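Thanks for coming. I will take a few minutes to walk through one structure, starting with a term and then moving from the whole chain to its parts.

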Amino acid sequence: MPKLEALPEPNIRQAYGIFLLTSKHRFIRRLRRVYKPSVHGNKAWRASYLLMDYLLHHPPGQGARVMELGCGWGPAAVFCAQRFGAEVTGVDIDEDVFPFLEITASLNGVEVAPLKADFNKLPAERLGEEQMLIGADICFWDRMVKPMAALVSRAMEGGTERVVIADPGRPTFYELSQRCARAGKHLGWSVNLTSWYATEPAHGTGEVLDVRQPGAS
């Protein structure tokens, strides 16, 4: 059972050892007067909690270089920095999410480097600088499946050790998983699709795709 900690003020929730501001928190309300995320970066999505729970059981190495794709407010990025001492970059195409990412990181006493980019256009060389790529709720449209599969291939080609993506279980996500599995058979990747559940801040279920280089732990 997780340790029960008193929250410092209203409209803050705790999950997997990190604090998160809800949309009703006064800081979030103030930020929204100035910054208006437009590409679904308007909250912490539920699959982020699936990803956190999964990584507790299948963690990266301590101090690993980690990139969160489509980071939004960055709960999973902040979790990796706080829990594993990871050196984390948060990538998003919408720069208006970065103030929300920064306040989440500051609340938890960590730093996450923001990078404004379309992650589907990041080259293999840049992706390969990261030991692990993570993402949550990032394959939600049909047109994203092929680019996401190509991204995984570029990352593996560049030398990234793992790509871990969590999702509630959309058909598009399953198609992505199938594409990765087919590629993995030819290229020797370890590709695992696992049903998973999170217990914090509430019970939730979904799927986690974990793609690894041959021999990667």
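A residue is called buried here if its relative accessible area is under 20%. Please keep that cut-off in mind, and also that this is a predicted model.

Here is a case to start with. Glycine 135 has a relative accessible area of 0%, so it counts as buried. This glycine lies in strand β6. What does glycine 135 touch, leaving out residues up to four places away in sequence? The list is Leu51, Leu69, Val164, Ile165 and Ala166. Serine 48 is 87 residues away from glycine 135 along the chain, yet their C-alpha atoms are separated by 7.8 Å.

Now the chain as a whole. It has 217 residues, and 51% of them are buried. The accessible surface is about 10,600 Å², with 51% of that belonging to carbon and sulfur atoms. Take the contacts between residues at least 6 apart in sequence: 69% of these join residues at least 24 apart. In secondary structure, the count is seven helices and nine strands.

Next, the sheet. Seven strands make up an open sheet with mixed pairing, and reading across, the order is β5-β4-β3-β6-β7-β9-β8. Which strands stand at the edges? They are β5, residues 112-116, and β8, residues 190-198; each has a single partner strand, so one side of each has no neighbour in the sheet. From one strand to the next, the twist averages 20 degrees.

Strand β3, residues 65-69, runs parallel to β6, residues 132-136, and four bridges join them. Within β6, methionine 132 is the bridge partner of valine 66. Serine 195 stands opposite glutamate 207 of β9. β8 and β9 form a hairpin, and five residues lie between the two strands.

On to the helices. Helix α4, residues 98-107, lies across β4 and β5, and its direction is at about 170 degrees to β5.

Why is helix α2, residues 47-57, described as largely enclosed by the rest of the structure? Because nine of its 11 residues are buried. Those are Ala47, Ser48, Tyr49, Leu50, Leu51, Met52, Asp53, Tyr54 and Leu55.

The crossing is right-handed. On the α2 side, the residues are Ser48, Leu51, Met52, Leu55 and Leu56, and they meet Pro75, Ala76, Phe79, Cys80, Arg83 and Phe84 in α3.

The other helix pair is α6, residues 145-158, with α7, residues 171-187. Their axes are 9 Å apart, at an angle of about 40 degrees. This makes α6 oblique to α7. α6 passes α7 in a right-handed crossing. Val145, Lys146, Met148, Ala149 and Val152 of α6 make the contact with Thr172, Glu175, Leu176, Arg179 and Cys180 of α7.

That is the tour; I will take questions now.

Definitions and conventions: Residues numbered from 1 in each chain as written. Predicted model: local features only at pLDDT ≥ 70, side-chain atom pairs only at ≥ 80, totals over all residues. Heavy atoms only, no water. Pairing = 2+ DSSP bridges. Axes fitted to C-alpha atoms, helices over the stretch in contact; angles between N-to-C directions. Contact = heavy atoms within 4.5 Å. Buried < 20%, exposed > 50% of the residue type's maximum accessible area, 1.4 Å probe, protein only. Areas by Shrake-Rupley, 256 points an atom, 1.4 Å probe, with all protein chains shown as cover. Parallel < 35°, antiparallel > 145°, perpendicular 65-115°, else oblique. Left-handed = near helix turned anticlockwise from the far one by under 90°.
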